[in-house]
Each structure stands twice: as structure tokens, then as C-alpha cells.
Amino acid sequence: MAEQSPFGTRGAAALSGLEFDSVQGKQLSSVFPQLDKDITRVKQQIINGKTEQKVRIPRVVNGETRYENITIYPLFSDGFDGAVIRLDDVTDNVRIEEMMVQTEKMMSVGGLAAGMAHEINNPLGGILQGAQNMERRLLPGLAKNEQTARDLGISLESINKYIEKRGILKIISGVRESASRAAGIITNMLNFSRKTDVHRTSCKLDELTDSAVALAAQDYDLNKKFDFRQIEIIKDYEKDLPYIVCAPTEIEQVLLNLLGNAAHAMRDGNTENPKIEIKILRDEDYVVVSVTDNGPGMEENVRKRVFEPFFTTKPKGVGTGLGLSVSYFIITENHHGSISIESAPGSGSKFIFKLPVATPR
């Protein structure tokens, strides 16, 4: 047998879980049964003397789909015909490429959403302004209103009694309030979708958190009838919190990830009386935010991996496993803070992140 390179031996040993001395001289299919169906192709490549490569071959390993590149190199030496089979695990590369494609899709959707929000703002502004004008033109005491009523030979007081009796002012007020609420939602969407706002600025974490909660309240899953507004939100903010220097949209993204994960965990765990408690306090040179839910909690093996890229407990097609890893990167790398989790089965989950207090100039 040809001499084995240390790297090749170690890689094959790690892949098979066996030592080289224990497999020397054995059939390849007995050591790597997953290659059994490739043996015929290996023999064909030995005959034609050509190198062959197959890329992104999926294999299920311990319930997880992995991807491999398989390269077959024919060998001819002193009348001995054979081949070298090289396996390269390219799972991470495949997932990164898929992530990039998904990111491009989301950027397109985000741009479309921002454009739609701008377009909705225009008629919404007209509705809001119209409702406000209707209220003003029914008010007694305004000179123009009184003069117009006198010119028409009617009493403004009588008109207002009729309007009050029929509840018309309440209806107009409801239209105005609904329009104002919709305008606030769109403003939050626009602020979040503006990718140009990457510069650091002084912010209050309580204000950013309130904005994220308001935006999360619009998360409605039509497929599973899940409404974030059904969750009780408990806020416990320390007074007179100091400013931090941050990229507001990035911190808002972290908060939305934490709130969204908590909401989905409680939904999937059929949690009764779902609650999310948000605490913000100062701890020496840091402002600390904790997001705690009363959901099903996590097993230790899940808790240890929540910040790993591509790790998710959600069904295929639902989660990418990137939300918490991106949040970890934003907090630790972009803002020089820290993020951690406390969780146990049946005890809910608590995410804590710290951001440094802005240093006075």
C-alpha cells in the first residue's frame, strides 16, 4: 500500500471514526459504506484513466444533511491500477452561498417594502389630514364655521347635537387615530429598512426597545394565526439611563430577533398566558438589556449552540439559523459588548446583552 500522508490519514480517521491501523487492507465499502454506490464509478475511472469530480453530493450524517465534493484520481504505478478518492466537506460553503442568495432576496423584498411604505404614506397622509379638517370644521367658536352656518341659516349647535347623537365625531376620531397608528407603523418600517443608517450615534436603549416592540407588534403569521399582540409585554426600565453610541438599526435588529424568537418559541410550545419581560438597567460602564420569556426553555445541547451560524430548531424552510449568530456578531464585534443566554427545559429563556456607556467628550 502506498504511504499515507498525515493529513489524509487524520482526515479519513476523523470522517470514519476509525484508526488507520485498524482498517489497513480492508475493503473501502466496509470502512466507508456511504461510498459503496460509488465503487462502480471508481472502477470506470481507473479504466478510462480520467479524473472525475462530482460536487455538492448530499449525504445524511446523524440526521443532518451534509454536502461533499468527491474527486477520483486514477493511479498507475508498476503495473498496479488504483485510485485516490478525495472527499471534501463543503457544507459550510453551500450554506453560505444559500445564505447569500437568501440575503439578496430579502434585500429585494426590503426595498419593495420600503417603496410600498413610501407610497402608502401619501394617501394615508390625505386620510389623516382630511379627518383632522372635518373635526375642525365642525367645532363651534371658530369664526369661519360660525359665519358659514349663519349664511346658510342653520345653527352650528344643532348640527353638533345631531352629530353627537349619531356618534359621527367618534367615528371621525377613530379614523384619525387609526391613520395615526398606521403612520407610526410605517415610520418604524422605514427607519428599520434604511440600510444607509450605519453610522454610530448617541441613543437611549429604552427608546430603541420601545420602537422594536412597536414594530414586532405588527408581526402576524397568517399561516399559524399567530399575533404578537397576544403576548403580555412587561417593561422594567431603570430611570435616567445613560446614552450609548450605536448603530440604531442594528440594535433594533437584535431586539427584533430576540422578541421574534421568544414569540415563536412560546407559540410552538403552546405556552399559556405568554409573557415577555424586558429589563434595562445600568451596570457600571454598561447598559444591560434582558429579554425573558415564559416559554418551553431549551435543553443544554441546544442552549450551547444557539449562537452558531446555521443552527436552528425550526422546521426546514422556516428558520435559517442566522438570526442569533448575526445578533451575536452585531453586539460583540460591531459594538464591543457581550450577549449570553440562560435557559433550562420548562423554565423559559433569558437573553442578556450589554453595551458600553457612551464616553463623554
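Buried means under 20% relative accessible area, exposed means over 50%, and partly exposed lies in between, with a 1.4 Å probe and protein chains only.

**Entry 1. Ground rules.** I am working on a predicted model, in which local features need pLDDT of at least 70 and side-chain atom pairs count only at pLDDT 80 or more, while totals for chains, interfaces and linings use all residues. Residues are numbered from 1 along each chain as its sequence is written, and side-chain values use heavy atoms, with hydrogens and water left out.

**Entry 2. Confidence.** I looked up pLDDT, the predictor's confidence in each residue, from 0 to 100. The protein has a mean of 77, and 70% of its residues reach 70 or more. Confidence is lowest in strand E5 (residues 220-221), at a mean of 52, and highest in E10, at 94. Residues 1-7 have pLDDT below 50, and beyond near neighbours in sequence I find 5 contacts for this stretch in the model; contact means heavy atoms within 4.5 Å. Element names follow DSSP runs, numbered from the N terminus: helices are H or I with at least four residues, strands are E with at least two.

**Entry 3. Salt bridges.** I took a salt bridge as a side-chain nitrogen of Lys or Arg within 4 Å of a carboxyl oxygen of Asp or Glu. The search of the whole structure gave 6.

- Arg-86 and Asp-88 meet at 2.9 Å, N to O. Arg-86 counts as partly exposed because its relative accessibility is 44%, and Asp-88 counts as partly exposed at 25%.
- Arg-176 and Glu-135 also meet at 2.9 Å, N to O. This pair links distant parts of the chain, with Arg-176 in helix H8 (residues 168-193) and Glu-135 in helix H5 (residues 91-137), 41 residues apart. Arg-176 is partly exposed, at 24%.
- Lys-279 and Glu-277 meet at 3.9 Å, N to O. Lys-279 is partly exposed at 34%, and Glu-277 is partly exposed at 28%.

**Entry 4. Strand E10.** I counted strands as paired if DSSP finds at least two bridges between them. E10 runs antiparallel to E9, with 8 bridges, and antiparallel to E12, also with 8 bridges. The hairpin of E9 and E10 has 2 residues between the strands, and Glu-284 there takes a positive phi near 55°. Tyr-286 in E10 is the bridge partner of Asp-283, and Phe-353 in E12 is that of Val-289. Of the 8 residues of E10, 6 are buried.

**Entry 5. Cores.** A nonpolar core here is a set of buried Ala, Val, Leu, Ile, Met, Phe, Trp, Tyr and Cys residues joined through side-chain atoms within 4.5 Å. The largest has 40 residues, and those with the most contacts inside it include Phe-228, Val-289 and Phe-353. Elements giving two or more residues to this core include E10, H12 and E12. H10 gives the most, with 9 residues. A second, separate core has 5 residues, among them Ala-117 and Ile-186. I then checked Val-289: beyond four places in sequence, its contacts include Leu-205, Leu-255 and Phe-353.

**Entry 6. Helix H12.** H12 (residues 323-334) has 12 residues and reaches 15 Å from first C-alpha to last, close to the 16 Å expected; the expected span is 1.5 Å times one less than the number of residues. Among its buried residues are Leu-324, Ile-330 and Ile-331. The cover over the buried residues includes helix H10 (248-268), strand E11 (338-343) and strand E12 (349-356). Just after H12, His-336 takes a positive phi of about 55°.
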